[in-house]
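Hi,

Here is the structure I promised to pass on. Have a look at it first, and then read my notes below.

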Amino acid sequence: MVIFDYYVVIIGGRYDGKRCYKNIVLLQNLGSDSIKSIDTKSFVTAPWTIYKCQFGCGRYGRSWCCPPKSPSHKQTQEIINCYNMAILFRCHDMSIVTDIAVKIAKEMFLDRYYIAIAFGSGPCMRCKECNTQGCNFPDKIAPAMEACGIVFIKR
């Protein structure tokens with residue numbers, strides 16, 4: 001079964017329940033209604049998600065968070081292979097998902113999870129028109145999971 005309603009913050013290093021708990025509470029306070037930790041070995045990347053962006057989304061090629069500017073599914077798999085655990089969270093308000101992911105990744109970095117990274121979901125809608133020279137808000141965006149080829153398989 002494919003899971004489409006979870007969005008991810010990936011963390012690396014050893015799991016520290018006390019430090020991680022603080023971020024789980026923050027996730028709940030920011031609007032997440034479901035949070036799970038999973039082994040990154042359950043992640044799969046595939047090119048079909050990027051195909052669906054190219055042929056189905058009007059933002060394809062118009063955002064720094066979307067293909068072809070986002071990492072390829074192969075690059076994403078190489079990145080995921082550097083990690084051992086991920087925190088998945090769900091929000092019913094899609095407009096806040098990427099903001100929450102970026103905020104949590106920054107908080108985790110400050111908690112000494114120095115290689116914490118975030119993935120958002122859906123196209124970036126921060127600006128009416130994306131700046132083709134470079135993102136106006138690089139500290140507030142994260143590439144969309146699907147734009148990077150991430151597929152979650154429930155096992």
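**Rings at the surface and elsewhere**

Let's start with phenylalanine 55, which counts as exposed because its relative accessibility is 53%, and exposed means over 50%. Keep in mind as you read that this is a predicted model.

Which ring does phenylalanine 55 pair with? Its partner is tyrosine 51: the two ring centres are 4.9 Å apart, and with 45° between the planes the pair is tilted. Tyrosine 51 is exposed too, since its relative accessibility is 52%.

There is also an aromatic pair between phenylalanine 109 and tyrosine 114. This one is edge-to-face, with 75° between the planes and 5.3 Å from centre to centre. Here the two partners fall into separate classes: phenylalanine 109, at 40% relative accessibility, is partly exposed, whereas tyrosine 114 is exposed because it reaches 53%. The total count of aromatic pairs is 2.

**Charges over rings**

Next, click on tryptophan 64. The charged end of lysine 69 sits over its ring, 4.4 Å from the centre. You can find another case at phenylalanine 137, where arginine 126 lies over the face of the ring at 5.9 Å from its centre.

**A covered strand**

Now go to strand 4, which covers residues 85–90. How many of its residues are buried? The answer is 6 of 6. In a regular strand, side chains alternate between the two faces of the sheet. In strand 4, Met85, Ile87 and Phe89 are on one side, Ala86, Leu88 and Arg90 are on the other, and both faces are covered. Notice that Arg90 is on that buried list as well.

Strand 4 also has a neighbour to look at: strand 2 (residues 34–39) runs antiparallel to it, and 6 bridges join the two.

**One threonine in a helix**

Last stop: threonine 98, in helix 4 (residues 97–110). Is threonine 98 buried or exposed? It counts as buried, because its relative accessibility is 17% and the cut-off for buried is under 20%. What does threonine 98 touch, once neighbours within four places in sequence are left aside? Its contacts are Gly120 and Ser121, plus Lys140, Ile141 and Ala142.

Cheers

How values were computed. Residues are numbered from 1 along each chain as its sequence is written. This is a predicted model: local features need pLDDT of at least 70, side-chain atom pairs count only at pLDDT 80 or more; totals for chains, interfaces and linings use all residues. Side-chain values use heavy atoms; hydrogens and water are left out. Helices (H or I, at least four residues) and strands (E, at least two) are DSSP runs, numbered from the N terminus. Buried means under 20% relative accessible area, exposed over 50%, partly exposed in between (1.4 Å probe, protein chains only). Contact means heavy atoms within 4.5 Å. Rings of Phe, Tyr and Trp (its six-membered ring) pair if their centres lie within 6.5 Å; planes under 30 degrees apart count as stacked, over 60 as edge-to-face and the rest as tilted. A charge sits over a ring if NZ of Lys or CZ of Arg is within 6 Å of the ring centre and within 35 degrees of the ring normal. Two strands pair if DSSP finds at least two bridges between them.
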